Amino acid sequence: MQVTQRVLIAADKFKGSLTAVEVAERVTAGLRRVVPGLEVAALPVADGGDGTVAAALAAGFDRREQPVAGPLGQEVTAAFALRGDTAVVEMAEASGLQRLPSGVLAPLTASTYGSGELLRAALDAGARTIVFGVGGSATTDGGAGMLSALGARFLDEDGEPVPPGGGGLAHVARADLSGLDPRLSSVDLILASDVDNPLTGPKGAPAVYGPQKGASPDDVEVLDAALAHFAKILEAETGPRAAGYAVAPGAGAAGGIGYGALLLGARFRPGIEVMLDVLGFAPALEQVSLVITGEGSLDEQTLHGKAPAGVAAAARAAGKEVVAVCGRLALAPAELGRAGIRRAYPLTSVEPDIARCIADAGPILERVAEQIAGDFLT
């Protein structure tokens, strides 16, 4: 086999074990153990969820920090990425599950207010294009908190602001969007997500994602009804477009914050496609013959908009060979092939004990990379 002189590592994180940057570092170390001096380019990727800002920073964006409200109102320091007039904002930085106090889940009261504050900080920094990555949220409030932070008002029958969180939306009697930050009308806001769920219904945000945020079956019913009511109120305020946004792809992303973003004029794009554009994947791809992608679990979800599938599709279109690393592999070779992945290398191929794979993911991944080098680079 012809020796490949340049390799591009474009992998997502192994959630709970390794960041995307650490994955690239470990794979590089393993490859070079077999092929010393091998030229390796690293482009950590993300699909819009948690890790999106980290991927932008690794690609050369500047880190900006802003104190904002966490999902329960406590102050947290959230980061976004900025390069020129393009910002990458990750809602999980402000409103993610990791921002909840340890052991606390608040499906009815968690708010996206801090995400709106983070968007406002990006505007203050001069951003004209904002990639808004959504995923990993602790919230199911339809983006109401975010909209409030940007100047909207949601009032009950007494003219008082409704309580924060999705549960409070059941009490909305009037929506006033006249105070929204005027800068939003001249910004290219891109809703970057790997899910295309509508706002409500059997495939909506509460039903599909509410349980992972602590919602009981009764909570799911309450949230679904509250979000449907919220959308009706907004339809009365803004016209039929609000009803259209509620059923649009991506409306249900991150507890319905996608719906709020669409109301702001955002355009929905698959997160990995946006991030590959922003990170400069195409020019990096031109210089290499082999691409290594991956994530913690290669499974059925991977095929529906996750980072490895996006990387593989773009690389295959450019005629590049693609292999993948992962912690766990749940796809058959034929499924991998249809996704554009020549072969996958799970950590379990080196260490069958899953607990050890999680605890010692870094060293085991280096050994997996040695296998790749042996199969494709020598």
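1. Asp360 is partly exposed, with a relative accessible area of 31%; here buried stands for under 20% relative accessible area, exposed for over 50%, and partly exposed for values in between, computed with a 1.4 Å probe and with protein chains only. Arg356 is also classed as partly exposed, at 46% relative accessibility. A salt bridge is counted when a side-chain nitrogen of Lys or Arg lies within 4 Å of a carboxyl oxygen of Asp or Glu, and Arg356 makes one with Asp360, where the closest N and O atoms are 3.9 Å apart. Elsewhere, salt bridges with shared partners join Asp12, Lys13, Lys15 and Asp50 into one network.

2. A word on the basis of these remarks: this is a predicted model, in which local features need pLDDT of at least 70 and side-chain atom pairs count only at pLDDT 80 or more, whereas totals for chains, interfaces and linings use all residues. Residues are numbered from 1 along each chain as its sequence is written, and side-chain values use heavy atoms, with hydrogens and water left out.

3. The chain contains 15 helices and 13 strands, both taken as DSSP runs numbered from the N terminus, with at least four residues (H or I) for a helix and at least two (E) for a strand. For 378 residues, a compact globule would have a radius of gyration near 21 Å, and the chain agrees with this because its own value is 21 Å; the radius is taken over C-alpha atoms, and the globule rule is 2.2 Å times the number of residues to the power 0.38. Along the principal axes, the C-alpha atoms fill a box of roughly 75 × 45 × 35 Å.

4. Of the 378 residues, 54% count as buried. The accessible surface amounts to about 15100 Å², with 51% of it belonging to carbon and sulfur atoms; these areas come from the Shrake-Rupley method with a 1.4 Å probe, and for residues only the protein chains shown count as cover. With contact meaning heavy atoms within 4.5 Å, 72% of the contacts between residues at least 6 apart in sequence join residues at least 24 apart.

5. Under the salt-bridge rule, the count for the model is 21. Lys13 pairs in this way with Asp50, the closest N and O atoms being 3.9 Å apart. Lys13 sits in the loop between strand S1 (6-9) and helix H1 (20-34) and Asp50 in the loop between strand S2 (39-42) and helix H2 (52-58), so the pair ties together parts that are 37 residues apart in sequence. Lys13 itself is buried, at a relative accessible area of 18%.

6. Arg33 forms a salt bridge with Glu370, with 2.6 Å between the closest N and O atoms. Because Arg33 lies in helix H1 and Glu370 in helix H15 (residues 361-376), this pair ties together parts that are 337 residues apart in sequence. Arg33 is partly exposed, with a relative accessible area of 47%, and Glu370 counts as partly exposed at 27%.

7. Which residues make up the aromatic cluster? Phe154, Phe230 and Tyr259 form it. Phe154 belongs to strand S7 (residues 153-155) and Phe230 to helix H7 (residues 217-238), so the pair ties together parts that are 76 residues apart in sequence. Phe230 and Tyr259 also pair edge-to-face, at 6.1 Å centre to centre and 75° between the planes, and they link distant parts of the chain, with Tyr259 in helix H9 (residues 253-263), 29 residues from Phe230.

8. Both Phe230 and Tyr259 are buried, and H9 is mostly covered, since eleven of its eleven residues are buried, including Ile257, Leu262 and Leu263. Just after H9, Gly265 takes a positive phi of about 95°.

9. Strands S3 (residues 62-69) and S4 (residues 75-83) run antiparallel and are joined by eight bridges, two strands being paired if DSSP finds at least two bridges between them. Val68 has Val76 of S4 as its bridge partner. The hairpin of S3 and S4 has five residues between the strands, and Gly73 takes a positive phi near 95° there.

How values were computed:
Phe/Tyr/Trp six-rings, centres within 6.5 Å; stacked < 30°, edge-to-face > 60°.
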